[in-house]
Amino acid sequence: MKEEGPARRRFSSCAGISSVFSPRADGRKLVRNASFGGYNELSPALPGFDKGKDDVSQSKEDTAHSMSKSKSESKLFNGSEKDISLSSSKLTKKESLKVQKKNYREEKKRATKELLSTITDPSVIVMADWLKIRGTLKSWTKLWCVLKPGVLLVYKTPKNGQWVGTVLLNACELIERPSKKDGFCFKLFHPLEQSIWAIKGPKGEAVGSITQPLPSSYLIIRAASESDGRCWMDALELALKCSSLLKRTMIREGKEHDLNSSADSTHVSLYGLLRANNLHSGENLPEIERHHFKDQDMYSDKSDKENDHDHEESDNDGLGKSEESDSDTSERQDDSYVDPEPIDIKETTYLEQSHEELGEAGEAAQTEVVSEENKSLIWTLLKQVRPGMDLSKVVLPTFILEPRSFLDKLSDYYYHADFLSEAALEENAYNRMKKVVKWYLSGFYKKPKGLKKPYNPILGETFRCMWIHPRTNSKTFYIAEQVSHHPPISAFYVSNRKDGFCLSGSILAKSKFYGNSLSAILDGEGRLTFLNRGEDYVMTMPYAHCKGILYGTMTLELGGTVNITCEKTGYSATIEFKLKPFLGNNDSVNQISGKIKLGKEVLAILEGHWDSEVTISDKKTDVSETFWNPTSDIKQRRLPRYTVKFEEQDDFESEKLWQQVTRAINNKDQTEATQEKYVLEEAQRRSAKERKLKGEEWTCKLFDQDSVTGEWHYKYADTRPWDPLNDMIQFEKDGTIQTKVRH
């Protein structure tokens, strides 16, 4: 640690760098108030806190006065002050307890607001200047950096309008880094390679401005000159000292967080900032501090404990293990300063999807006007069937086909997989269930125009794709395989270990003919697992109903009741997809209604339309608000989907397998499409006959069936929680989802 005098002189000699300190009457009082009880260790290091000999006696008096005041306040909150005791003797025990709890909450909010205002107050700045920061691709980006007590704010411009990220200094270490380049280089890093970034900005921003990717567990920073760099080193050392103040208050706020109350909406929740750094449980503190900051009086009565049960439960689940360290190998070899070879991973090449059809909300996008030519095909088809018959073995005409496989269709549910990333981080079990339901509803609004049905997959057909999460720098992989042809069963597996979730399931597609209508029933279930919590959410699917085959307008709807249940937490959701009644109007199209329950108790009611707005009404407060609405802004924020490069696809992958049929349908050549479809189906029948003659059974490439339960499981599933110390990157090769680990 540098001496105090030279440090001050160095600050004053820095040219072109703004260094502003907000005036304070007494720094020790600020420290005591913000840390709930008299931590004075920061006072000597803060400018303006140096006292001469003449001020020693006054300083002692102030300290004694502060300690006395702290004790008085402590007695007030414990209800032990004499004047409080006299007045409370006239009150019942319950009323006295309410008064104490009210004072307790007000003091907690006040202290939190004090610290938050320091972060958001533009006048409280230690230093601010342009710095170059090295990204994960080893290129440098010039960014505007603002240093405040406990945090380093990074912006694209000095206007503070383009926030890039916030570094939490409470767990960072600082070291000078030798470099061959001009200027002065130093490194901020987490000693255990945990994330150093907050998950929200100073104004509550959820997503920062786009720059080159920055490492998650460290930052390598370059100042323009050695003098500037050493000024930043000194300032950061000061801010690191201030971070212990921030850390203690944040830990206490995390322990006492009241789900029913929040601070000023213009401030960022410190508890939310803390979640990204795994600090709210106190796991990074020394044992003596963990014991000191543990709130023994967190619950003053039974009702408080019940209200915060889910919050406590999530603490025990060890939130935050899904954060990954993005540090490259060179940062593990700082002594040699040799740039390593790139990580050798042979993975599948994915290309971003170029075109996507979303469809429009309402009934108009779900109707089909059948031409006279195609009506004759329908009558020919109807001669083969009778009411109640299963249509799985009936050859359907190509004019009703959507030019993609059913395996591809099942992937529509993951364009908003970032909702699952958020749910994995959510501490409260009720809010987790709401986020899961929101994600579930987000998979329905994408629909083709008209009445279209995807291809029936060929036995052994596979489909692979992925989505990139820019916010967490992670990938969600989707792999599906047709594991049975009669009956037609499709198995799928979805994985994003870094963000802490995976999903698996199988669907048996059945069709029933009823005369003027038919239904496509998706029999099966999906199982969503949050890896860090060990929670499974089991969900079912609605059925597709087509009416107007013989007379009327051909229209496609969704119907049936679906359930989403979590056995571990006891929360469940029921959603009913309603068919349009015979005398219904346009508003009665695509309607849904639902409930979110804890056990048998209904907590919220859902109402709306599955392809547009859904509202939620809280049963306790009777407050209604928009729960989900796929607006144009929401659609623009869909995660980009990437599919396997065509040249690297296997012959039995959906795009390559159906390429001739797809080309014919897109060219509106129904004759050629029918012929190409017949070639594929006939080849499948011929292969089945050959296996039967040889006495061979079909062996799936990617999935196995449990001989006891009959469920299908992905052969290479990895459901371990993400380990940021050992797991580097998740990737896919030849249908196998793998994780690159450090050796």
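How many disulfides does the count come to? I looked this up first. The count comes to zero disulfides by the rule I used, where a disulfide is a pair of cysteine sulfur atoms within 2.5 Å. A disulfide is a covalent bond between the sulfur atoms of two cysteines. I then checked two cysteines. Cys172 is buried, at 8% relative accessible area. Cys700 is buried too, with a relative accessible area of 8%. Buried means under 20% relative accessible area, exposed means over 50%, and partly exposed lies in between (1.4 Å probe, protein chains only).

**Ground rules**

I am reading a predicted model, in which local features need pLDDT of at least 70, side-chain atom pairs count only at pLDDT 80 or more, and totals for chains, interfaces and linings use all residues. Residues are numbered from 1 along each chain as its sequence is written, and side-chain values use heavy atoms, with hydrogens and water left out.

**Confidence**

I looked up pLDDT, the predictor's confidence in each residue, from 0 to 100. Its mean over the protein is 74, and 65% of the residues reach 70 or more. Residues 1-57 have pLDDT below 50, and this stretch has 96 contacts in the model beyond near neighbours in sequence. Residues 246-342 are also below 50, with 215 such contacts. Contact means heavy atoms within 4.5 Å. Where pLDDT is low, the predicted coordinates should not be read in detail.

**Whole protein**

I found 18 helices and 30 strands. These are DSSP runs numbered from the N terminus: helices are H or I with at least four residues, strands are E with at least two. Of the 743 residues, 48% are buried. I took contacts between residues at least 6 apart in sequence, and 63% of them join residues at least 24 apart.

**Helices α13 and α14**

How do α13 and α14 run, roughly parallel or roughly antiparallel? Helix α13 covers residues 418-425 and helix α14 covers residues 429-441. Their axes come within 9 Å and cross at roughly 170°, so the two helices are roughly antiparallel. I noted which residues meet: Phe419, Leu420, Glu422 and Ala423 in α13, and Arg432, Lys435, Val436, Lys438 and Trp439 in α14. By class, this contact has five nonpolar, no polar and four charged residues.

**Ala544**

I placed Ala544 in strand β19, residues 543-547. Leaving out residues up to four places away in sequence, Ala544 touches Leu518, Ser519, Ala520, Leu556, Glu557 and Leu558. I also looked up Leu522, 22 residues from Ala544 along the chain. Their C-alpha atoms are separated by 8.3 Å.

Definitions and conventions. Axes fitted to C-alpha atoms, helices over the stretch in contact; angles between N-to-C directions. Parallel < 35°, antiparallel > 145°, perpendicular 65-115°, else oblique. Nonpolar A, V, L, I, M, F, W, Y, C, P; charged D, E, K, R; others polar.
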